[in-house]
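Please look through the structure below and follow how its parts are packed together.

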Amino acid sequence: MSVEKQSSEEIRASGMKDDALVEEHVRLHQIKHEPTKGFLQAPLIFVFVFGCLIFLCSIQLAHTTNDFKLHPPQEADTETPEQKEANRWAKKLSAGKKVFLANCSSCHKPNGVGEPGVYPPLAGSDWVSTDPALITNIILKGLKGEIKVNGETYGTTGIVMNPIAISDRQIANVVTYVRQTWGNEADPIEIFEDDVASVREDYSDKQDQWVFEQLKEIYPEALFGD
Ligand code: HEC
């Protein structure tokens with residue numbers, strides 16, 4: 001066994017003299033550990049590889065999370081007022097179309113032609129293109145009894161239109177849409193939420209559906225398709 005591996009007790013017990021001990025220590029100091037092969041290179045490669053990995057992941061993360069920003073970047077405001085207005089109008093019409101398809105088209109049909117003798121048409125109907133308060137009122141309260149639309153008689157089979165329970169905004173959108181679609185070109189072009197709200201308020205006491213005579217009294221100047 002070399003001196004290296006002996007404990008101090010063993011060395012003392014072996015009766016080694018102080019001088020010899022000092023000498024032995026000097027010798028021990030000079031002994032160098034043999035370098036472990038590949039010891040240093042391996043961790044360096046790992047550090048490098050992990051470093052690259054973290055770097056690449058951060059780039060990827062930054063890309064997919066919009067540079068770590070909470071909100072998406074604001075689009076540069078390059079639209080002209082005309083383009084903005086055109087966009088707003090297109091949105092309003094498409095919102096109106098949605099309301100129509102969800103609440104009216106089952107009876108009046110998606111193309112607004114209705115069903116002969118049962119559901120009157122909205123395409124080409126004077127009821128639609130006259131004072132917008134008329135169609136607003138029909139949506140709010142419904143309509144029953146005999147009427148004439150585009151020269152044809154409806155309402156003789158007992159089928160009525162019940163009030164359509166949708167918001168003022170939805171009514172404004174659908175009225176605007178119906179009045180400007182399928183060849184309808186009513187004036188004023190656009191109907192607003194406030195217009196609907198005031199009609200709703202004016203006739204808040206009215207309980208059952210409208211009949212032709214009542215509407216003719218309220219809107220005497222309106223044409224009634226004959
Ligand atoms: C359940 C079927 C039904 C639904 C849904 C319905 N209507 Fe009607 N609508 C009728 C009937 C039936 C009449 C005719 C009532 C009568 O003969 O008095 C009518 C009449 C009308 C009239 C007057 C006549 C005309 O053709 O111009 C308008 C305007 C109208 N509806 C618009 C609408 C709009 C807008 C909606 C959706 C928001 C709607 N209706 C939803 C059945 C319906």
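Sorted by class, the shell around the ligand has 21 nonpolar, six polar and one charged residues, and, as with everything described here, this comes from a predicted model. Of the 28 residues around the ligand, those that come nearest are Cys-104, Cys-107, Pro-120, Gly-155 and Met-161. The elements that each give two or more residues to this shell are helix 5 (105–108), helix 6, helix 7, strand 1 (143–144), strand 2 and helix 8.

Next, consider the largest nonpolar core, which has 23 residues, and in which Phe-100, Ile-135, Ile-171, Val-174, Val-175 and Val-178 touch the most other members. Two or more residues of this core come from each of helix 4 (81–103), helix 6 (126–129), helix 7 (132–141), strand 2 (147–149), helix 8 (168–179) and helix 9 (193–202). Helix 8 provides the largest share of the core, namely six residues.

Helix 7 deserves a separate look. Nine of its 10 residues are buried, so helix 7 is largely enclosed by the rest of the structure. These buried residues are Pro-132, Ala-133, Leu-134, Ile-135, Thr-136, Asn-137, Ile-139, Leu-140 and Lys-141, and they pack against helix 6, helix 8, helix 9, strand 4 (210–211) and helix 10 (212–218). For one of them, Ile-135, the contacts that remain when neighbours within four places in sequence are left aside are Trp-127, Val-128 and Val-175. After helix 7 comes Gly-142, whose phi is positive, near 90°.

Notes:
Residues numbered from 1 in each chain as written. Predicted model: local features only at pLDDT ≥ 70, side-chain atom pairs only at ≥ 80, totals over all residues. Core = buried A, V, L, I, M, F, W, Y, C linked by C-beta atoms within 7 Å. Buried ≥ 20, exposed ≤ 12 C-beta atoms within 10 Å, placed from the backbone. Helix = DSSP H or I, 4+ residues; strand = E, 2+ residues; numbered from the N terminus. Contact = placed C-beta atoms within 7 Å. Near = placed C-beta within 6 Å. Nonpolar A, V, L, I, M, F, W, Y, C, P; charged D, E, K, R; others polar.
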